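Below is a set of questions and answers on one protein model. Each answer works towards the value or name asked for.

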Amino acid sequence: DHVIGDGASYSVTDEAMVDELKPVLDSFWNDRINQFPLKLPRRVVELGLYGELILPVTVNPVNGAVRLGYVDPSAVEGMILDPNNIETIVAVKVAGPAGADARYLKVVNVDETPGAATWGRLMGVSKGETLTLADGQTVPYAGACLLFQVNKVSNASRGNPDLTPLIDF
């Protein structure tokens, strides 16, 4: 109740873009998988309960529609940090199904590559993009995700539940 109260909504404030953006946002918000009116309150609760929220992002290659999934935090094997800045998480390592290798989801972030056509835009995974691990091994990304974390200090890689301080009490 303190976070989203009676729910959340969105609006397009640029009058020149309303006719173009509103149908796209409505489609994303009300998509049969995304279901923001139904799922958003639960997602906020889960962020507080688990300390992190990991939402895989898929983009329909035909019409560009974006859908969000869900990764159970207990399936996370670790976070891959930027070697130049430990506050930046570049990927999430997620356990695969029984007998399968772990998969790596790139954390959606702003492209800061000077001169790139996508500079300044939020970017997921480019076709064929790989991740180089600390041991020098190169692995393909299995997709991209949005990552939200709360209750963590600068050098922590994982978020902590809101109720952690009360456990001993």
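Q: Is Asn 34 buried or exposed, and what is its relative accessible area?
A: This is a predicted model. Asn 34 lies in the loop between helix 1 and helix 2. The cut-off for buried is under 20% relative accessible area. Asn 34 therefore counts as buried, with a relative accessible area of 5%.

Q: Which backbone oxygen lies 3.1 Å from a polar atom of the side chain of Asn 34?
A: Leaving aside neighbours within four places in sequence, Asn 34 is in contact with Phe 28, Lys 39, Val 66, Arg 67 and Leu 68. One of these residues supplies the backbone oxygen, at 3.1 Å from the Asn 34 side chain: Val 66.

Q: Which side chain does Asp 31 join through a polar contact of 2.9 Å?
A: Asp 31 lies in the loop between helix 1 (18-30) and helix 2 (36-50). Asp 31 counts as buried because its relative accessibility is 13%. The polar contact of 2.9 Å is between side chains, and the partner of Asp 31 is Arg 67.

**Strands**

Q: What pattern does the protein follow along the sequence?
A: The secondary structure comes to 2 helices and 10 strands. Read along the sequence, the pattern is α-α-β-β-β-β-β-β-β-β-β-β.

Q: Which residue of strand 10 is the bridge partner of Leu 55?
A: Strand 1 (residues 52-59) and strand 10 (residues 143-149) run antiparallel and are joined by 6 bridges. In strand 10, the bridge partner of Leu 55 is Leu 146.

Q: How many Å apart in space are Ser 126 and Ala 144, C-alpha to C-alpha?
A: Ser 126 lies in the loop between strand 7 (122-123) and strand 8 (130-132). With 40% relative accessibility, Ser 126 counts as partly exposed. Ser 126 and Ala 144 are 18 residues apart in sequence, and the C-alpha distance is 9.6 Å.

Q: What distance separates the C-alpha atoms of Met 123 and Asp 111?
A: Met 123 is in strand 7 and is partly exposed, at a relative accessible area of 22%. Leaving aside neighbours within four places in sequence, the contacts of Met 123 are Val 107, Val 108, Asn 109, Asp 111 and Thr 118. Met 123 and Asp 111 are 12 residues apart along the chain, and their C-alpha atoms are separated by 6.2 Å.

**Surface and overall figures**

Q: What is the area of the nonpolar surface patch that includes Phe 169?
A: Phe 169 lies in the segment after strand 10. Its relative accessible area is 86%, so Phe 169 counts as exposed. The patch is made by Val 45, Leu 49, Tyr 50, Tyr 70, Leu 163, Leu 166 and Phe 169, with an area of about 780 Å².

Q: What percentage of contacts between residues at least 6 apart in sequence join residues at least 24 apart?
A: The C-alpha trace spans about 50 × 50 × 35 Å along its principal axes. Among contacts between residues at least 6 apart in sequence, those joining residues at least 24 apart come to 43%.

How values were computed
Residues are numbered from 1 along each chain as its sequence is written. This is a predicted model: local features need pLDDT of at least 70, side-chain atom pairs count only at pLDDT 80 or more; totals for chains, interfaces and linings use all residues. Side-chain values use heavy atoms; hydrogens and water are left out. Two strands pair if DSSP finds at least two bridges between them. Helices (H or I, at least four residues) and strands (E, at least two) are DSSP runs, numbered from the N terminus. Buried means under 20% relative accessible area, exposed over 50%, partly exposed in between (1.4 Å probe, protein chains only). Patches are made of residues with over 30% relative accessible area and no salt bridge: like charges are joined within 9 Å, nonpolar side chains (Val, Leu, Ile, Met, Phe, Trp, Tyr) within 5 Å. Accessible areas come from the Shrake-Rupley method with a 1.4 Å probe; for residues, only the protein chains shown count as cover. A salt bridge is a side-chain nitrogen of Lys or Arg within 4 Å of a carboxyl oxygen of Asp or Glu. A polar contact is a pair of N or O atoms within 3.5 Å; within protein, one must be able to donate a hydrogen and the other to accept it, and residues adjacent in sequence count only if both atoms are side-chain atoms. Contact means heavy atoms within 4.5 Å.
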